[in-house]
Each structure stands twice: as structure tokens, then as C-alpha cells.
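Here's a walk through a two-part question: how is each chain put together, and which spots deserve a second look?

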Amino acid sequence: MAAGWRVARLAGVHDETATARTLVLDVPGWPGHLAGQHVDLQLTAEDGYQAQRSYSLSAPARGDRIELTVQRVPDGEVSPYLTEVLTIGDPIEVRGPVGGWFVWRPADPAPVLLIAGGAGIVPLMAMVRTRRAEGSRTPFRLLYSLRTPADLYYAEELRRPPAGDAGADVTLLHTRSGPPGSSRIPARLNAEDVERHGWPPEFEPACYVCGPTGFVEAAADILTKLGHDPRRVRTERFGAGGG
Amino acid sequence: MGIVSPGFHGRPRGREVELPPGQYLVEDFPVLSAGPTPRVPLDRWEFSVTTESGTTHRWSWPELMALPSERMTVDLHCVTRWSKLRTRWQGVSLDTLLAGVETAADFVLADSYGGYTTNLPLQDLRNGQAWIAYGYDGKDLSAEHGGPARLLVPHLYLWKSAKWVRGLRLLTRDEPGFWESAGYHDYGDPWREQRYQGD
């Protein structure tokens, strides 16, 4: 599935937050990918030293053009380069797509429950955008836990969803401070949030949970305790110690 | 060597630890799994080995605890590119568990509480290369890292070290497991960088 390294070029950037940047890459011969898959990136220093990391794709491919979003990790080895140094036109090696489990296929008729913690929104946004691009009417619900309104990725799309997103409900759940006038007291995702804004287990939704390890552990436990079949809960954890 | 990335320097070199290609060092212990963490009560826990002829050998938790255990210090290499060195474990060698098992099988499909599976050659579980591990860093192995007990096969990528292991099926033909069916390598040697099918 994952052929060798391809040389991509940075075609555009979009800053999502103060610490996260979307990279638009042109990858000649890109074979296409499923929503939820990731790519491996490889950087090579002048002395031949190499570093590789995996990043989730944030949108369906448009021909040879792919998008991924990188969260800058303080003291990281790779993410500061990708978010601050890499310039439009620069080459970068890409391998993929990778991952065949944490994926949503538009042909799957089950309702979808997406639960994102922070940067875990990235592969889930690829699912929302794929739904829109394919004209799918599969019912989606997205619960997105984030610290403050300033930490919202894809803010324009998630605050004012395009017409194609009818039937894809977005709930923002702030952990530190919410927008003015919001009634929910800022808190970590809890069972009541999932019960109120998710799908009941009887609907047998396909559940996708992505975020930092502790968040994913907590959210997946909430889902199974609410009665969701563990086999319908797919998780993807952003390992600490990366960068 | 790949194409040079303008302005990329990487971490300061010097503290040379030999890692498999494409890996980087971590000090913490990241978690990777595909679904919710199963919680397995010890009084219902069981580990089994089923041979190609259908004979099943079973161990309850007290029976596993009664077997001679080993303490080992090993390096871990995850296909998501982190490596963690000199981790300390306690568990029962597969040599001990397989000693009374008669088989002509060449392959193993390990399966876990929660439904995970992974395939390995049987010879990679013998000769002091693999354990059923229940202790980590001097403590009981936590559920998020695969407790109460996991397979530990440190010379292969860590997805082969099935968390929450429940049993081994000995097979005469190789059968892909969970990640292997999703495009990951059947063997998974980190030093040969066998990440994906075809590597």
C-alpha cells in the first residue's frame, strides 16, 4: 500500500492557530487516500541525518494535492521546521498513504460519531470533508474538545458549516474557557457531553476517537460505559514524545 | 540519502545511540492501540495455546504466577517511529509455556482480549526471545500498556507484542493479523525497517 518515498513540494500554507499550520503539498503521482489515513514525512539534513514522522491528512486529495495539519511541539525536532521554516516551493519527501483501520468509507451507511481532543481533530476533519466532497448524507456528529476558542482548527468551516455539511452536527466543548455567552462550564469531556451530543448506542454508530493518549483513553471508556460496542470504537492516539 | 531539506538541521548529533532506521528516541512510554482498553478481571483471565491438531493448553492467572518468571531489560521499537531503550519487564518465557506443547506448526496467531490479533513465526517465540509479561518497571503492568499480561517480543516492532494477550493459535500456514491485514508487514523486523507489506 505504501510505495516508496516521493518528492513533494509545499504549495501553500494556512495557519489554523498560533501553533498549528496546514501544509498543502503537491505530490506527483499521489494514488489517493481514505479519510483518516496518514502520511510519513522525511527530512534530510545536509550531513545526511534523517528524521521521519507521521502526520494525519486533513482533507481528501484533489488530484496530486494533499493537505495535512501539523501541531508545533515545543522543542520538537520536526514540527517547528514544518510550521516555521519550510517555505512554499521547498521539497519534502512523503510516503503513503498509511493506515487502513482508522478510516471512514462513504459507502458505510452507519451513522458516525467523531470525538476529537485538540489536534486529534485532523483525521476527523478529513472525514467531515470527505462526506461533503462525496455528497454523502450519512448522519455525522462531531464532538470537539479544545482548550479555548483560540485553539479551534478549521474555525471558518466549523463555525459556519458549508451547505454540504447539513446533517453533520458540530459541538465544541471547551476545557478552559468558552466563548462569551456559552452555557456549558468549561470542563473536560464527560459522559453527559457524549450522551447529549453523540448518538445513542442503539443507533450502532461507527465511533472514531482521536487525540492525546489520556483523552482517548477517557473518551473510549465513556463510550463503552454508555453501551457502545467496543468493536465499533476506533481510536487513534497522538503519542507524546513526538515532535 | 534523500533530498536535502533546506534549513533542516535535526537534533544535535553526538550522543550516539544506535537505533533502527527511521526511529527516534523517547523517554516516556507512548500508548498505541486501535480501540478501547479492555479491562480483564484476574479471576476470569486465562491464557491458552491451541495447537494445529486442536489440543488446547490453558493457564489461569494463579497458574501463570506459579511458573518461574524472568526479569529482562529490552529495547522497544514501535512502527510509529519511537524507540524506548532499556525497559525493565517481568514475565514467563514462552520457552517455559511451550515446553509441554507438541507441535509441528511454523506460525502463530496471537489473539487478545478485545479482539486484536497479530501473526509471527513460531521460532521467533522460542530461545529466550519472547515472554508473557505481567510486570513493567517493578510494578504490575497497567491496562493501557497491555495488562494484566501482554506478549513481549522485543526484537520485532511492538505491534507484534500483543497487549491483553489471551492465547496463541499454532498454525501450519501464516495467517495475517489485525494490522497485517491493514497493510503492515508480516514479520516486522525494525532493523530491516519492515514497516509495511512489501518493505
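What follows takes the two chains in turn and then a handful of individual residues.

## Ground rules

This is a predicted model, where local features need pLDDT of at least 70, side-chain atom pairs count only at pLDDT 80 or more, and totals for chains, interfaces and linings use all residues. Residues are numbered from 1 along each chain as its sequence is written, chains are lettered from A and ligands numbered from 1 in the order in which they are written, and side-chain values use heavy atoms, with hydrogens and water left out.

## Chain A overall

Chain A contains five helices and eleven strands (helices, H or I, are DSSP runs of at least four residues and strands, E, of at least two, numbered from the N terminus). With a radius of gyration of 18 Å, close to the 18 Å that the globule rule gives for 243 residues, chain A is as compact as a globular protein of that length. That radius is taken over C-alpha atoms, and the rule is 2.2 Å times the number of residues to the power 0.38. Along the principal axes, the C-alpha atoms of chain A fill a box of roughly 55 × 35 × 30 Å.

Of its 243 residues, 53% count as buried (buried is under 20% relative accessible area, exposed over 50%, partly exposed in between, using a 1.4 Å probe and protein chains only). Take the contacts in chain A with a separation of 6 or more: 73% of them come from residues 24 or more positions apart (contact means heavy atoms within 4.5 Å). Chain A exposes about 10200 Å², with carbon and sulfur atoms supplying 51% of that (areas come from the Shrake-Rupley method with a 1.4 Å probe; for residues, only the protein chains shown count as cover).

On the charge side, chain A carries 26 positive and 29 negative side chains, and the centres of the two sets are 4 Å apart. Lys and Arg count as positive and Asp and Glu as negative, leaving out His and the chain ends; each charge is placed at NZ of Lys, CZ of Arg, CG of Asp or CD of Glu.

## Chain B overall

Chain B has three helices and eleven strands, running β-β-β-α-β-β-α-β-β-β-β-β-β-α along the sequence. Its radius of gyration is 18 Å, close to the 16 Å that the globule rule gives for 199 residues, so chain B is as compact as a globular protein of that length. The box filled by its C-alpha atoms is roughly 60 × 35 × 30 Å along the principal axes.

Buried residues make up 55% of the 199 in chain B. Among its contacts between residues at least 6 apart in sequence, 65% join residues at least 24 apart.

## The annotated span in chain B

For residues 35-179 of chain B, UniProt lists "domain: Oxidoreductase molybdopterin-binding", in an unreviewed entry. Such positions follow the numbering used here, feature names are shortened, and annotations may be inferred rather than shown by experiment. In the model, the end C-alpha atoms of residues 35-179 lie 13 Å apart, and the span is 9% helix and 41% strand.

One runs from A:Gly96 to A:Pro97, with omega near 5°, and A:Pro97 sits in strand E6 (residues 91-98) of chain A. The other goes from B:Gly147 to B:Pro148, with omega near 15°; B:Pro148 is in the loop between strand E9 (139-140) and strand E10 (150-152) of chain B.

Then there are positive phi angles. A:Asp75 is not a glycine, yet its phi is about 65°. You'll find A:Asp75 in the loop between strand E5 (65-71) and helix H1 (79-85) of chain A, exposed at 69% relative accessibility. B:Arg81, also not a glycine, has a phi of about 95° and lies in the loop between strand E4 (70-77) and strand E5 (82-93) of chain B. Is B:Arg81 buried or exposed? At 1% relative accessibility, B:Arg81 is buried.

B:Pro20 comes in the segment before strand E1 (24-25) of chain B and is buried, at 2% relative accessible area. Beyond neighbours within four places in sequence, B:Pro20 contacts B:His77, B:Ser83, B:Pro190 and B:Trp191. B:Pro36 is 16 residues from B:Pro20 along the chain, and their C-alpha atoms are separated by 30 Å.

A:Ser182 is in the loop between strand E9 (168-174) and helix H4 (191-197) of chain A, partly exposed at 36%. From A:Ser182 to A:Cys207 is 25 residues in sequence and 26 Å in space, C-alpha to C-alpha.
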